[in-house]
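Have the structure open beside you and try each task before reading on.

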Amino acid sequence: MMTHSLKKTAISMAFALPLLPGGMALAAQEMNLAFTPPLNSHYGDAGRAFAEEIERLSDGEFKITLQPASAMGGERDVLEGLQIGSVELTLTSTGPIGNFIPSIYALDFPFLFRDYEHAHAVLDGEIGQELLAEFESEGLIGLAWAENGFRHLTNSLRPVETPDDLRGMKIRTMENRVHLETFRELGAAPAPLSWTEVITALQQGTIDGQENPTPILTVNSIWEIQDHLTLTGHVYSPTAVVMSQIYWDGLTEEQQGWFREAAQAAAQASRESVARIEAEGVELLRGNGMQVVDEIDYEQFRNAVQPVYDRFASEFNGDLLERIRNTQ
Ligand code: EAX
């Protein structure tokens, strides 16, 4: 097994030699970019934009292979893969990231972000950059904040209009302590599961419902296994563009600049894709037979989750929550 430092040296040597003796071009450096949604999704759009931009900027020196639909495992597995160098790049929700970098949990608090403008102002601003910089402490390089969207609730039992309607409902959440506590406080029976297990669990009825942004619901034809949709918008879900530090350290400064630029292109593409899909998404879900609760009693839901703030704010950087709220 190649040691970490030997791997780093081998990689930096590989990058530094664009041409072989006699001038023959060195083969492009291939890298995998892994993500859980399918290729025809907002993540696929982000991945394509990343691949095209890095190939353009590097004049073909780097070639990105997209690994969609959990081809390389669930989000937490892939992040661990980045840490050991078995995967180079990923697009991941913040679902499992808080387990690696606790301050990222600040982004997972319910009803914290007012709308997309607010979320973009926070993530494109000082706070977003501070949080990306924290990835390095875990052998990961946070390159940019792309987008998954505001998360909504689906289930196969009954319309959910109030927290009471959630009582005892088995709801899948991401592997995320703040999300788990949020649904516990809402009265549901939350179950943390990797996305790789969700569709089967819904089909087998081991869980009654799940929550995800509209683009994830439509690309997975969720109406085939879920009858009810409630537009809760209970959490804003960013998508982080992350690179393995092992590969990052093997790049020259110029090459690192290319990866940062390509990540920005991915972020922009994902936001445009989410906006496009959301324009017709709810009507598509309704048109395929889902019963939709368009509006919830916001105050009732917000008050029901207040204990999550009371319990976790001090543990997960409460000041950050205040700074996020105060961001215009
Ligand atoms: O990142 O696990 C989830 O529900 C995520 O939204 C999905 O994997 C996309």
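**Exercise 1.** Which residues are around the ligand?

*Solution.* The residues around the ligand are Thr-36, Tyr-43, Glu-75, Ser-93, Asn-148, Arg-151, Arg-172, Met-174, Trp-195, Asn-212 and Ile-216.

Before going further, a word on the model: it is predicted, so local features need pLDDT of at least 70 and side-chain atom pairs count only at pLDDT 80 or more, while totals for chains, interfaces and linings use all residues. Residues are numbered from 1 along each chain as its sequence is written, and side-chain values use heavy atoms, with hydrogens and water left out.

**Exercise 2.** Find polar side-chain atoms that lie close to oxygen atoms of the ligand, using the cut-off for a polar contact (a pair of N or O atoms within 3.5 Å).

*Solution.* Step one: Thr-36 places a polar side-chain atom 2.9 Å from a ligand oxygen. Step two: for Glu-75 the corresponding distance is 2.5 Å. Step three: for Arg-172 it is 2.7 Å. Finally, turn to the area: the ligand taken alone exposes 260 Å², and the protein buries 98% of that (Shrake-Rupley method, 1.4 Å probe).

**Exercise 3.** How are helices H5 and H11 oriented: roughly parallel or roughly antiparallel?

*Solution.* Two packed helices are described by the angle and the distance between their axes. Helices here are DSSP runs of H or I with at least four residues, numbered from the N terminus. Axes are lines fitted to C-alpha atoms over the stretch in contact, and angles run from 0 to 180 degrees between N-to-C directions.

The axes of H5 (residues 116–124) and H11 (residues 253–287) come within 13 Å and cross at roughly 170°. That makes H5 roughly antiparallel to H11 (angles over 145 degrees). Next, list the contacts (heavy atoms within 4.5 Å): Tyr-116, His-120, Leu-123 and Asp-124 of H5 meet Arg-271, Val-274 and Glu-278 of H11. By class, this contact has three nonpolar, one polar and three charged residues.

**Exercise 4.** At what angle do H5 and H6 pack, and which residues make the contact?

*Solution.* H5 and H6 (residues 126–133) pack at about 55°, with their axes 3 Å apart. Val-122, Leu-123 and Asp-124 of H5 make the contact with Ile-127, Gly-128 and Gln-129 of H6.

Terms used:
Helix = DSSP H or I, 4+ residues; strand = E, 2+ residues; numbered from the N terminus. Parallel < 35°, antiparallel > 145°, perpendicular 65-115°, else oblique. Nonpolar A, V, L, I, M, F, W, Y, C, P; charged D, E, K, R; others polar. Near = heavy atom within 4 Å. Polar contact = N/O pair within 3.5 Å; in protein donor to acceptor, adjacent residues only side chain to side chain.
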